[in-house]
Amino acid sequence: METADPEFRILAPQIICPNHDNIPSVNHDFSVITIQPKSVSDFQLSWIVRWVSVPSLSQRMTLNLWKLIRALEKKLNEQSANDLDYIVKNNEFSWSVSSKAEHVVNVSHIIGSKLEIPAYTLKPGLTYVASCEIKTDSSNIFITDVALTFSVLRRRLQVYLNIDELIVPVNEAFTLEASIIYDDLKDTPIKFEWLCTSNEKSCDFFENRSESIYNVSQGISEEGIYDIHLAVLVLQEVAKTNATIRAINGILPVLQHGHAISESLTLNSIEVNFLYEYIDFTNETYTRQIEAKTKANNGRARLVAECNCSLSFDCRSHGVVYGDLRLHLNQSPDIYNFTVYPESGLALQSLFRVSASASDPDGPLRFTFYYVIDNRTISLASHLDHSAIETHLPYIVGGTDVSVEVCDSLNACSRSKFITVKVYPSDADIDKLADKARAHIRRREITDLTLISISTVLSLSNSQRWEQLTIFTAILHETLPALRTNCSLSERRYSDFTSQLAAAGLDTTQLLG
């Protein structure tokens, strides 16, 4: 049996090296290779590292280089590659995003290392090129540029009716309501086409309306089975659905199975293990619309409404109406191979690689990595189809609990179990940490600023390094007001930011003025 060759793409950054005297040499950056398969599948990778000797190298240096190359090759083949995140220090970033269809996205205001584009900005079905130029912060000298092509998927138009099958007495009013799922385009005109047939003939009481809610106020005068068809048109796309209405003479029989949620509303199940929750409901009005959250399993459920009057002993039941619902549940992603490497290290110094794998047919998947302190989650990073990060962790007494949450495109989410990492206190360089914080403010990288500020405060306070904490707090008090002036941060987001710092133990009194 032949197996299909796996399809994947390889993303590798261009190595940044000084090419003239105006660019000083800095610490080596991590060269990260990302393997992104087209579909969720396991396959084997074998790495071969090739190199060309520079003529000026001596024989001894060539031999040492050969040993390093072979060691690298061995390391790559022993450990699967993970896509990593890294920050280039003291540089400016200039972004541009455009498509061949002449759709240009204005991202000139983004000067940080992360490109964030608001929802509904990109057009579905188009292919874009995101490019970034990196220049030195001080002298604005060009270092390098990089470009990445990506496509924006088009989501399928979906329409559902509030019932699949409805049984009502004749001449009783009922309402049909359509729910539209189409998140690609905002404020797009939607056209509705309703049709009712019975015995292959049009219903004389039913007319076409371009509305999402169809109220049959007079009910159906004749007993029979009626088929309701709805077509929804958005641009050039059409979605269809249907339902069945059974009109009967007399009062519907009361079902002998199921569970009453309240005296006036009954949610019955004709499948096993349909869960419910109590809902407050009264008879103050003849018409009542309710909303409820309930846990359910795949299958068919029956919603039953029994209308009674209870103010006098002579009152009789007005009747019973019920509709059948078919429930199709979206399963949350399956998370596996969640790891943190190394298992221990120094706070704010050691780089920890946090990675996970997940499978779900409703992609793309969003991976959100975080650690927990006092039952609060602090986000480390959140990316689409980016299943690994490299980050620093704070020192927390008893260990730092790290986890990942993976969500599919339909917002069904799963969380992994916690991995407790042994992070030890370290002699943190306050000046370097302050420089990082200032750089994040200058580049308007609020998420990174929040992470480094909270992690530093937690590490210093938990290790009782009060002198260093005092110095770092003074630096934050001096630099953070620039969030309002330089970053034009909204009052709500600034308040959220300071609230997170206060929860971590930082005195934010001076920041709220």
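Analyst: Two strands are said to pair if DSSP finds at least two bridges between them, and helices (H or I, at least four residues) and strands (E, at least two) are DSSP runs numbered from the N terminus. This is a predicted model, in which local features need pLDDT of at least 70 and side-chain atom pairs count only at pLDDT 80 or more, whereas totals for chains, interfaces and linings use all residues. Residues are numbered from 1 along each chain as its sequence is written, and side-chain values use heavy atoms, with hydrogens and water left out.

User: How many bridges join strand E5 to E6, and what is the order of the strands in the open sheet?

Analyst: Strands of a sheet pair through backbone hydrogen bonds, either parallel or antiparallel. Here E5 (residues 127–136) and E6 run antiparallel and are joined by nine bridges; Ser 131, for instance, has Ala 147 in E6 as its bridge partner. The open sheet has four strands in the order E4-E3-E5-E6, with antiparallel pairing. Its edge strands, each pairing on one side only, are E4 (104–105) and E6 (142–151).

User: Which residues touch the most other members of the largest nonpolar core?

Analyst: In soluble globular proteins, nonpolar side chains tend to be buried together. A nonpolar core is a set of buried Ala, Val, Leu, Ile, Met, Phe, Trp, Tyr and Cys residues joined through side-chain atoms within 4.5 Å, where buried means under 20% relative accessible area (1.4 Å probe, protein chains only). The largest such core has 53 residues, of which Tyr 371, Val 402 and Leu 480 touch the most other members. Helix H3 (residues 446–462) gives the largest share of this core, eight residues. Leaving aside neighbours within four places in sequence, Leu 480 is in contact (heavy atoms within 4.5 Å) with residues including Leu 449, Tyr 494 and Phe 497.

User: How many residues of H3 are buried, and which are buried in H6?

Analyst: In H3, 15 of the 17 residues are buried, so this helix is largely enclosed by the rest of the structure. In H6 (residues 491–503), the buried residues are Tyr 494, Phe 497, Thr 498 and Leu 501. Seen down the axis of H6, they fall within an arc of 90° (taken from the directions from the helix axis to the C-beta atoms), so they line one face of the helix. Their cover includes H3 and helix H5 (482–485). Just after H6, Gly 505 takes a positive phi of about 110°.

Methods
Buried means under 20% relative accessible area, exposed over 50%, partly exposed in between (1.4 Å probe, protein chains only). The expected span of a helix is 1.5 Å times one less than its number of residues.
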